Every structure is written in C-alpha cells, then in structure tokens.
There are 2 protein chains.
Amino acid sequence: MTVFSVWAPAARRVEVEVGTGAGTGAGGARHEMEPGDRAGWWRAEVPVSGETDYAFRLDGGEPLPDPRSLRQPHGPYGASRTYDHSAFEWSDARWHGAPPQGAVSYELHTGTFTPAGTLDAAIERLDYLAGLGVTAVELMPVAAFPGEHGWGYDGIGLWAVHEPYGGPDALKRFVDAAHARGLAVYLDVVYNHVGPGNKLAAFGPYFTEAHMTPWGPAVNLDQAGSDEVRSFIVANALMWLRDYHMDGLRLDAVHALEDHRALHILEELAAEVDAFAASAGRPAVLLAESDLNDPRLITSREAGGYGLAAQWDDDFHHAVHCAVTGERQGYYGDFGSMAAVAKTITGAYFHNGTWSSFRGRTHGRPVDVLHVPAHRFVCFIQDHDQIGNRAVGDRIAATLAGQPRRDGLLRAAAGLVLTAPFTPMLFMGEEWGADTPWQYFTDHTDPYFASAVSAGRKAEFAAHGWNEDDVPDPQDKQTFLRSKLDWGQPDREPYLSLLGWYRELLALRRARPELTDPSLDQVRADYDEKARWILITRGPLRIAANLGPEPVRIPVALGRQATVLAASSPEITANSGVASLPAASLAVIDTDV
Amino acid sequence: MTVFSVWAPAARRVEVEVGTGAGTGAGGARHEMEPGDRAGWWRAEVPVSGETDYAFRLDGGEPLPDPRSLRQPHGPYGASRTYDHSAFEWSDARWHGAPPQGAVSYELHTGTFTPAGTLDAAIERLDYLAGLGVTAVELMPVAAFPGEHGWGYDGIGLWAVHEPYGGPDALKRFVDAAHARGLAVYLDVVYNHVGPGNKLAAFGPYFTEAHMTPWGPAVNLDQAGSDEVRSFIVANALMWLRDYHMDGLRLDAVHALEDHRALHILEELAAEVDAFAASAGRPAVLLAESDLNDPRLITSREAGGYGLAAQWDDDFHHAVHCAVTGERQGYYGDFGSMAAVAKTITGAYFHNGTWSSFRGRTHGRPVDVLHVPAHRFVCFIQDHDQIGNRAVGDRIAATLAGQPRRDGLLRAAAGLVLTAPFTPMLFMGEEWGADTPWQYFTDHTDPYFASAVSAGRKAEFAAHGWNEDDVPDPQDKQTFLRSKLDWGQPDREPYLSLLGWYRELLALRRARPELTDPSLDQVRADYDEKARWILITRGPLRIAANLGPEPVRIPVALGRQATVLAASSPEITANSGVASLPAASLAVIDTDV
C-alpha cells in the first residue's frame with residue numbers, strides 16, 4: 001500500500017494516477033482520492049509498493065506533478081515518483097554538527113564544480129575541501145529545476161533533488177561523505193518564488209496578487225489560505241534538515257518574502273529550526289540572503305528579532321571589491337573608500353542609515369555591536385551573484401587581469417575576508433584564483449522561457465552599454481560548459497601559490513581565537529584614505545593591508561615588538577612596531593610577544 | 001518678504017504664482033524659484049507680506065497647490081494661502097498634558113457633532129465633555145478634503161485645516177479651549193494614502209507602484225526619493241504637536257503603510273514624537289489603528305518594538321458587539337462567545353495566533369501581558385468605522401431597537417468598556433445612547449469621484465444582499481445631515497438615564513485605581529458560556545456582567561462580604577459573596593470591604 005495525499009482546497013474531485021512509464025503521469029491507473037483529515041487535503045491508499053510514478057488530476061484535468069514530490073525523474077514538469085526517505089543507510093551517527101562561531105563556508109555549484117557536474121563527482125573533491133580548511137560546504141540550490149543545467153534558483157520541485165545532479169540518494173551520499181570528513185553542509189533554498197511553469201496555483205492559493213515581486217505575484221504568506229503555504233515552506237525546510245541531515249539552510253533573497261503577519265515567516269522558520277536543532281541535539285542554522293541591512297533578522301527573538309543564525313553581508317563584498325578593483329558602477333557607487341572597508345569590518349553594514357545613491361534613499365540601520373555576535377554575518381569577496389550577474393561572469397582574478405599588482409591584490413583581499421570578524425565564505429575556485437568565468441546559464445525547455453531569458457539577458461546589459469554580442473547567451477550550452485572549474489589550475493602556478501596563501505590564512509584562523517572572537521565592539525580599524533592602507537585590531541593581532549600602489553609604513557604597535565604571523569609578500573617586515581608593506585599586500589601581525 | 005519653498009526634484013523650472021484672487025492660483029504674479037539648499041528643493045523670496053494666495057507651476061504647467069500648504073481657503077484643489085503659525089495667542093501655558101494611563105477618549109467628528117458642524121461650535125460642547133468625565137477628545141481628520149462635508153479620510157491638503165470646519169485658527173481655538181478644561185486633544189491623521197485628485201505625484205515620487213494598496217500605488221516609504229516623503233510625514237506629525245499643541249495623533253490604518261526599510265516609518269515617527277515630547281516637557285502620543293494584531297507596534301523600542309503609545313483594539317469591539325447583538329456576519333464570524341470576551345479582556349487580542357475565518361488564515365500573536373501595559377490598547381464598543389461602515393450607519397442603540405433587553409444591554413456594554421483594563425474610547429453620542437444614524441457621507445466635487453463613490457457604496461452592500469435603495473447615497477447631503485447628533489436627546493429619557501450611567505462609570509474609573517492598573521497579567525475573567533455571564537477580577541474589584549436572557553447568580557467572592565459600587569439595574573444584589581444579576585445587567589463590586 002502507498003498513501004498519496006495532496007492539498008487542493010478548491011478542487012471538487014482529485015484523482016491520483018499511478019504507474020505510468022510515459023513520464024507525464026498520463027496512462028496510469030486512476031484512483032479517486034477522498035477528503036483527508038485536514039481541511040482541503042485529499043488522500044488515497046493505493047495497492048502499489050516500491051517506487052512508482054504518479055501524478056494528480058484535479059477535477060478531471062491534466063496530470064500534474066505532486067507539489068511535495070520527493071522525486072522528479074522526468075524533470076520538474078513530468079510525473080512524480082514515490083521515494084522512501086527511510087531506505088538510505090547513513091553512516092554519520094557520530095556527526096554532531098558544527099557550531100556557527102568559527103565556521104568558514106565554501107559555496108559550491110554542483111553542475112560546474114566538477115567536469116561531471118554531479119553530487120557524486122563532488123564527493124570526490126571533499127578531501128580537497130577538508131584539506132583546504134573550510135568547515136562547511138554551501139550547496140547552491142538542488143531543488144528540481146527545468147532542463148539539465150542552471151543556477152538552480154528556478155526550482156519547481158521544491159521537495160525533490162535535481163535528477164541530473166543524481167537525485168535524492170546522491171544528495172544523501174554527499175552529505176554523509178561531507179560529515180565523514182568533518183564538513184557541515186548548508187543548502188540554498190528558495191522560498192521567495194517558484195520557477196516558471198510551475199503548477200502550484202492549480203492546487204491552491206500558493207501565490208497572491210496582494211503583493212508583487214520581481215517574479216510576479218508573491219508567494220502567499222499572509223492572505224487567505226496562507227497557513228498551508230507557510231506549512232509547505234516550514235515542512236520543506238525541516239525535511240532538508242531531518243531527512244537529508246543538512247546542517248543549515250541558506251534562504252534566498254528574504255527581502256522578497258512579502259509577509260505582513262504579526263509572526264513573520266522568517267521568525268516562524270527560525271523558531272521551528274531551533275526547535276528541530278534542540279530535539280536533534282546538533283546545530284541547525286538559517287542563513288539569510290537579505291538586502292535590507294536590517295539587524296532584526298539576526299537579532300535574538302528574546303530581543304525582538306527573528307533569531308536567524310546569520311545573514312549574508314553584501315556590503316562587505318562591495319567595500320572590498322570596490323577598494324580592490326576600483327569599480328564604481330551601479331550599486332558599487334557608494335563604495336571604494338578605505339573608510340567604507342573600515343566601517344564595514346567594524347560595523348558589518350556600510351549602509352546603516354546612510355544615503356544609498358543606488359537606491360535614492362537612506363538605507364539600513366546600525367548593528368548593535370555590543371550584543372550581536374560577529375559571526376552572524378557571512379562575508380565574502382566573491383559569490384555566485386557578484387560574479388555571475390556581471391555581463392561576462394568574470395571572477396575577480398579575471399577582472400584584475402593585466403593589473404600589475406593583480407596577485408598582490410588577490411592576496412590582500414583574501415586576507416581581509418579570512419581574518420574578518422564575520423563568517424567567511426569562499427566561492428568555489430576562488431582559493432586558487434580561478435580565472436575561468438562563472439556565467440549566467442540556463443536550460444529552459446519551454447521555448448517561451450528559453451527565448452525570454454536569452455533576450456532579457458542581452459537587453460539588460462545592452463541597457464548598460466554592452467554590445468549584445470559580447471554577452472553570453474544563457475541558453476547556449478557553451479555558457480554552462482565554460483563556467484566549469486578547471487581542476488588543472490590548482491596544480492600549477494600562479495594558482496598553486498595563491499592556494500597556499502588561502503590554506504595558510506585558514507590555518508591561522510583556526511589557530512588564533514582572536515580572529516573568530518564574536519565581540520564586534522572590540523574590533524577597531526584605522527586607515528589612511530590617501531595611501532590606501534588599513535590596520536585592523538583584533539586583540540593583540542593586527543591585520544595590516546596596503547591596497548595602494550606605493551609601499552607604506554604602518555604603525556602597528558609603536559614601541560613594542562611585533563611578529564609577522566602571515567605575510568602575503570616576502571618583502572613585508574615589522575620592526576620597532578612599524579610594519580612595512582609593499583604595494584598590494586597584507587600581513588597578520590602579533591603584537592603580544 | 002515671504003519665502004516660498006517646495007520639493008520638486010524632477011522639475012527643470014519652478015515658479016510661484018502669488019496674489020491671485022481667483023482661487024485657482026492663476027492670474028497672479030509669477031516668480032522664478034531657485035534651487036534651494038536641500039537637493040530637489042526650490043526657493044523664492046517674494047516681496048509680499050501678510051496672507052496671500054499662491055500656487056506653484058512646474059515646468060510652466062498648471063498652477064498647483066502647495067503640498068505643504070497651511071491653508072486652502074478655496075478647497076484642497078484651489079490655490080494655497082500663506083499662514084503664520086506664530087500669530088495665534090495661546091492661553092494654555094499651564095497645560096502640561098495628560099498621561100496615557102487613566103485616559104478615556106471621546107471620538108468626535110466635527111461636521112456632525114454640532115448643528116453648525118464647525119470647530120467653534122464644538123468648543124461650546126467642551127464643558128459638557130469635561131463634565132462627562134472623559135480626559136481627551138479625539139478629532140476625526142481635519143486635513144483639507146474635497147467638498148464641504150465628509151469623514152475626512154480623503155484628505156488632500158495634509159498640512160491645512162478643512163476650511164468649512166473653520167480653518168487653522170479655529171483648530172487652535174479648539175485645542176486651547178480643550179486644554180483650558182483639562183481635556184487633551186488627539187488628532188486623526190492619515191498617512192497611508194492621499195485623497196483622490198491630489199497633485200502630489202506631479203511634485204515628486206510621493207507614491208510607488210512597488211506596493212499596491214486598496215487606494216492604489218502606496219505612499220512611497222521605501223523606494224527612491226522616499227527620504228523626502230518620510231520627512232513630509234514626520235514633519236507633518238510634528239507640526240500638529242508643536243504648532244497646534246496637539247497631545248497626540250491617531251494614525252489611520254497603519255497596516256497599509258508599506259515599508260520594507262530596516263527602520264519602519266512607525267518606529268521613526270514614534271522616536272521623533274518621543275523626542276518632541278521630551279523637549280516640550282509634556283506627553284505626546286501616537287495611537288495606531290492597526291488590523292495586524294502585532295504587539296511589535298506597541299512594544300517599547302528597547303524591547304525591539306516600534307514604541308507607539310497605543311493601538312486601537314478592534315477585537316475588543318468585535319467581542320463585545322457580537323456578544324451583545326448576536327451578529328456574526330463578515331469579520332464578526334469568529335466572535336460572539338463569552339470566551340471571546342474573556343480572552344480579549346485578559347489578553348487584548350482575540351486573534352493572537354488563532355484561526356480567523358474571515359481572513360482564511362491564522363492571525364495575530366500573543367501580547368506579552370507581563371510587560372506591555374494594558375493602557376496601550378484603546379478599547380471601544382462603538383467607533384466611526386464600526387458604525388459608519390454598516391449599510392445604514394446604525395449605532396448599537398438603533399441596532400438593538402425592539403430588543404426587549406436593549407437598555408440593559410447598552411448599560412452592560414458600557415460597563416465592560418469603561419471598566420476595561422485598556423484605554424476606553426467613546427464615539428460621540430454613545431454616552432446617551434444616541435440612535436440617530438452615523439452614515440457614510442461624502443461631498444466629492446469632482447463628478448467622476450462623486451459618481452464612483454455613490455455607485456461603489458451601493459454595489460458593495462448589494463453584494464451582501466442589501467437592496468440598493470436602502471443604502472444611503474454618500475453624496476446625498478441628507479445622508480450627512482441625518483448623521484448629525486440630536487442634542488435634544490440627552491435632556492430626555494431614556495437617553496438621560498443612560499448618560500447618568502456613563503457618568504457614574506467614568507467617575508468610578510477615576511476613583512478606583514484598580515480599574516486603570518496597567519498590569520494586564522493580573523486581570524482574570526471567568527465566564528459561563530451557556531448562561532452568558534462573565535466575571536472580571538481587577539484586584540479586589542469584580543465586574544460581573546450578565547448578557548443572557550435569564551437572571552444569574554455569580555459567585556464573586558464566596559464567603560466574603562461584597563459591596564456593589566455600581567449597578568446597571570436596581571435589581572442587582574450581592575449577598576454572601578454571590579451577586580444576583582437580572583438579564584442584561586452589569587455591576588461593579590468591591591470584595592475588599
């Protein structure tokens with residue numbers, strides 16, 4: 001017997017069609033469903049066993065995939081397949097999770113991380129990641145999305161694992177293998193919209209026109225019927241944690257979650273995840289992508305916040321990126337100064353109630369640095385968005401190509417992120433200065449969406465002065481293929497040396513607790529805007545960075561001894577409390593010797 | 001010299017046209033304005049003195065009223081007139097405001113409060129209000145709106161006082177006279193939309209299509225250009241407090257303030273008003289109308305809230321209204337039980353995370369009764385909305401006409417609101433059981449808006465089964481006129497007796513501090529659902545109410561003495577700790593004797 005159930009509150013009749021091989025759900029045996037115990041739910045017990053394809057028909061209509069389908073072997077638009085979570089044999093019983101403080105994560109896109117582009121292929125690189133010194137892998141979305149390859153933010157089967165990545169068992173193998181190596185796994189999940197062509201609206205009020213988002217009518221979090229939509233989200237989050245042993249979830253673009261309820265969905269999710277963690281006896285965290293610069297998200301619920309474990313700190317990226325590259329376009333407009341770097345490192349937000357020229361308004365509010373631990377901010381100098389949303393998807397190592405101080409700047413930027421008071425995150429390949437592109441690629445199977453995304457991408461950058469021919473076509477498979485990492489690179493120079501520097505910094509971060517101290521109020525940053533150096537104080541440690549084109553002498557601890565713990569360049573010295581740094585360099589210095 | 005200034009960031013040229021008598025602003029002398037000190041602002045010094053009409057022309061267009069006009073003598077669409085706030089001679093130097101705890105307010109609509117419908121006519125009734133025993137008058141909106149009469153929520157000249165009410169000086173005379181009698185004045189202000197036909201969008205991005213409201217594009221609080229829009233709102237609020245000596249502002253429908261910023265406009269307003277109060281040395285409060293059931297609004301900012309002084313508690317109204325009338329239509333659907341009355345009196349919200357059948361979802365969250373003072377909730381059994389939004393605008397005294405226990409039920413309801421732990425509010429005339437209607441009336445001068453409101457009103461109620469002919473036409477002047485209070489009523493029975501009961505309850509509320517104790521966690525409510533009685537414990541006091549059709553015996557303090565302090569019926573007795581109440585009655589009883 002297999003029990004099928006589905007929420008379809010407006011349907012007068014629901015059938016489940018079971019056992020078709022056609023992939024569409026049609027042609028199987030149709031079974032009438034009965035109203036279930038909960039209002040709006042339908043239920044049927046069907047005498048089948050093992051894995052079987054199925055679909056639902058509402059009021060005699062077309063077969064539709066299960067909104068909560070655990071497997072979509074024929075793609076997100078095809079028939080669903082039953083899947084038994086209890087069958088997998090886990091070997092991570094001794095895994096007790098990783099605490100948020102001290103974490104360093106590694107953002108990984110399954111399709112481009114390896115030549116094969118599967119979760120099983122990614123498992124083969126986990127020893128490398130463990131050796132690198134990161135503590136967690138953050139998987140970009142794996143929920144079933146259209147076509148073979150894509151970033152994953154157009155997920156449609158939100159409960160299924162993208163079949164070309166290997167499906168649900170492959171994801172479990174990946175998590176199990178990561179845990180075996182002491183690596184936590186965070187999964188990127190998207191609750192602010194559902195990919196194009198999804199059929200959720202046929203089942204119930206999953207969307208509402210009461211709020212519009214960049215993707216159309218908002219996911220319905222606060223209108224009639226929204227209890228079940230919220231339950232869909234909360235239960236989905238808990239499934240990844242419980243059934244896939246995930247250590248945390250990265251919540252995509254939470255500013256697009258339109259929720260006027262007294263209990264915001266983020267607070268509800270955080271409370272549910274905390275309750276799960278307590279019962280599971282291991283940490284489980286929610287990491288929000290947010291452009292709100294609103295400390296409420298990561299303030300404890302006792303103090304009136306939502307109680308998320310962390311939020312991505314785009315301002316840190318912008319501050320360092322602009323200081324290093326000199327770029328000022330678009331939302332980089334207010335960044336570039338050493339003051340911006342210093343403000344962000346000491347206060348997490350650059351925009352904390354200050355004017356944002358890109359937004360045409362003031363933005364954000366200050367973080368309470370006395371009470372909010374520093375690790376609640378995820379900092380990075382590269383991520384999938386800040387690379388892939390550039391016209392040609394150039395990573396910083398490629399952006400700086402031809403710059404005479406390129407290697408030094410890459411090392412200095414690495415030093416800033418890996419000694420930051422926040423939770424550092426690397427984007428796959430960054431650690432060796434990969435200069436392969438990471439572009440915007442899709443594989444929409446629906447001709448309308450396919451042509452819309454191709455034309456839209458070119459139009460978007462044409463509006464910013466790009467020649468359309470220079471903008472890669474997202475639907476061109478070559479765009480995907482050229483975004484794959486080149487694993488020949490880290491074995492040779494100059495990549496090999498940079499990789500060594502990342503390893504050194506990661507080891508230093510583990511060795512020196514001052515670097516992961518959560519007391520943001522204790523961080524100090526001095527700088528010279530003209531010479532373009534910055535000096536960050538972390539207890540007895542000093543991080544001195546010279547982003548300028550000339551050598552500088554920085555007073556790190558006048559009259560005291562100073563020992564260089566890590567130096568991006570052999571020319572760096574520290575004598576009589578003054579550090580000498582060549583152009584484009586960084587040093588970590590101990591003054592307590 | 002008169003200085004004119006205006007924010008018009010997109011204009012290339014702005015003129016001020018001064019000294020026209022035509023009322024439209026046209027035909028005066030045109031003066032070029034120069035860019036002012038603040039970005040987007042324009043400024044001109046014009047050699048005129050005293051009061052003069054003026055208008056702005058943007059890029060040579062039609063004359064437009066000043067968005068911050070202090071006077072609109074020709075109506076909200078006409079020319080503006082200069083006004084000098086410093087000219088009024090105040091006599092309230094000894095007024096130091098009224099604290100929120102212990103307040104009882106009286107909602108008053110200027111146009112229908114008196115036959116003349118002016119602020120000066122309302123002044124003549126202030127002695128009556130002071131004698132009644134309320135502590136504050138809450139004026140329905142007075143900002144310049146279209147036509148002669150209306151509720152006022154279609155305000156267009158948000159800085160001007162509706163001229164048919166008497167204009168700005170009349171409002172000052174009213175506040176001054178109220179203060180002379182020890183009465184505070186709260187003003188109803190509308191920031192969630194601006195009335196139809198306003199020209200604000202010609203001046204700048206006052207509205208945004210990023211969020212839609214029932215009135216169309218939302219007031220722009222979080223998109224480009226919104227700093228000035230927020231400043232427009234904050235400065236407007238401070239003007240009423242500073243220049244009109246208002247003691248507080250009632251904020252209309254704050255749930256329609258669409259603001260995704262980290263600093264919500266309500267928190268910003270509350271902080272600004274608190275700063276004003278501190279500098280002025282007297283209380284100044286913000287009272288929000290909110291349907292969110294979100295305690296964050298009235299939680300202190302130290303505890304992560306917005307720090308508003310109070311919010312209207314519609315649930316209290318619904319609970320008592322339904323228990324008394326037996327109505328269950330629309331959003332009354334979940335109310336009517338004694339349990340709902342008890343829950344609301346002890347926890348402020350009925351919907352505190354519970355299912356709302358009207359909304360089709362769960363709604364609200366619990367109030368932290370240990371920390372949020374009870375007076376932060378404004379409770380009422382009648383208000384302008386709950387009367388005027390009924391098809392025929394029948395007050396509860398008229399709704400219950402023909403009910404054999406009508407008078408007793410009116411008295412019991414009065415007892416529940418005036419002994420509530422919250423801040424009671426009466427709607428004008430309620431205190432004598434006025435049974436004149438208070439209907440939805442408008443006076444749109446624009447033919448399009450006029451016909452739209454007439455047709456819309458009838459269609460709205462036709463959809464709920466009403467005969468269109470029975471629904472008064474809002475544009476018919478008779479609808480307005482029949483909504484005026486009949487001041488002959490309170491001099492005669494049965495009105496006179498009910499008025500005496502209100503006076504008795506108000507006096508008891510002043511005399512017994514237990515009734516205004518802010519500790520909501522100390523309030524207890526027991527009830528019998530079948531017999532329909534409720535017993536509320538406030539320290540040694542008991543409020544016993546029988547809403548059922550039969551006499552009841554309620555154990556108020558078994559084995560102890562009990563003294564009836566106030567009784568809605570002479571048949572009420574309390575012996576041996578048991579109160580005997582006839583059908584439809586209420587008593588306040590002291591058990592600490």
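**View 1. The interface between the two chains.** Between the two chains, 29 residues of chain A are in contact with 29 residues of chain B, as seen in this predicted model. The area buried between chain A and chain B is about 2100 Å², and carbon and sulfur atoms contribute 38% of that area. On the chain A side, the residues that lose the most area to chain B are A:His260, A:Ala262 and A:Arg361, which together account for 27% of what that side buries.

**View 2. The symmetry relation between chain A and chain B.** Chain A is superposed on chain B by a rotation of 180° with 0.0 Å of shift along the rotation axis, and the RMSD is 0.0 Å.

**View 3. Helix H8 packed against helix H9 in chain B.** Helix H8 of chain B spans residues 314-325 and helix H9 of chain B spans residues 338-347; their axes come within 9 Å and cross at roughly 150°. Because angles over 145 degrees count as roughly antiparallel, H8(B) is described as roughly antiparallel to H9(B). The crossing of these two helices, H8(B) and H9(B), is left-handed. From H8(B), the contact is made by B:Asp315, B:Phe316, B:Ala319, B:Val320 and B:Ala323, while H9(B) supplies B:Ala340, B:Val341, B:Thr344 and B:Ile345. Sorted by class, the residues of the contact between H8(B) and H9(B) comprise seven nonpolar, one polar and one charged.

**View 4. Helix H8 packed against helix H12 in chain B.** Helix H12 of chain B, formed by residues 406-418, has an axis that comes within 10 Å of the axis of H8(B), and the two axes cross at roughly 160°. That angle makes H8(B) roughly antiparallel to H12(B), and the crossing of H8(B) with H12(B) is right-handed. The contact involves B:Phe316, B:Val320 and B:Val324 of H8(B), together with B:Leu409, B:Ala413, B:Leu416 and B:Val417 of H12(B). Where H8(B) meets H12(B), the contact consists of seven nonpolar residues, with no polar and no charged residues. B:Phe316 and B:Val320 of H8(B) take part in the contact with H9(B) and also in the contact with H12(B).

Conventions:
Residues numbered from 1 in each chain as written. Chains lettered and ligands numbered in written order. Predicted model: local features only at pLDDT ≥ 70, side-chain atom pairs only at ≥ 80, totals over all residues. Heavy atoms only, no water. Axes fitted to C-alpha atoms, helices over the stretch in contact; angles between N-to-C directions. Helix = DSSP H or I, 4+ residues; strand = E, 2+ residues; numbered from the N terminus. Parallel < 35°, antiparallel > 145°, perpendicular 65-115°, else oblique. Left-handed = near helix turned anticlockwise from the far one by under 90°. Contact = heavy atoms within 4.5 Å. Nonpolar A, V, L, I, M, F, W, Y, C, P; charged D, E, K, R; others polar. Least-squares fit on C-alpha atoms with pLDDT ≥ 70 in both. Buried area = accessible area lost by both parts, 1.4 Å probe.
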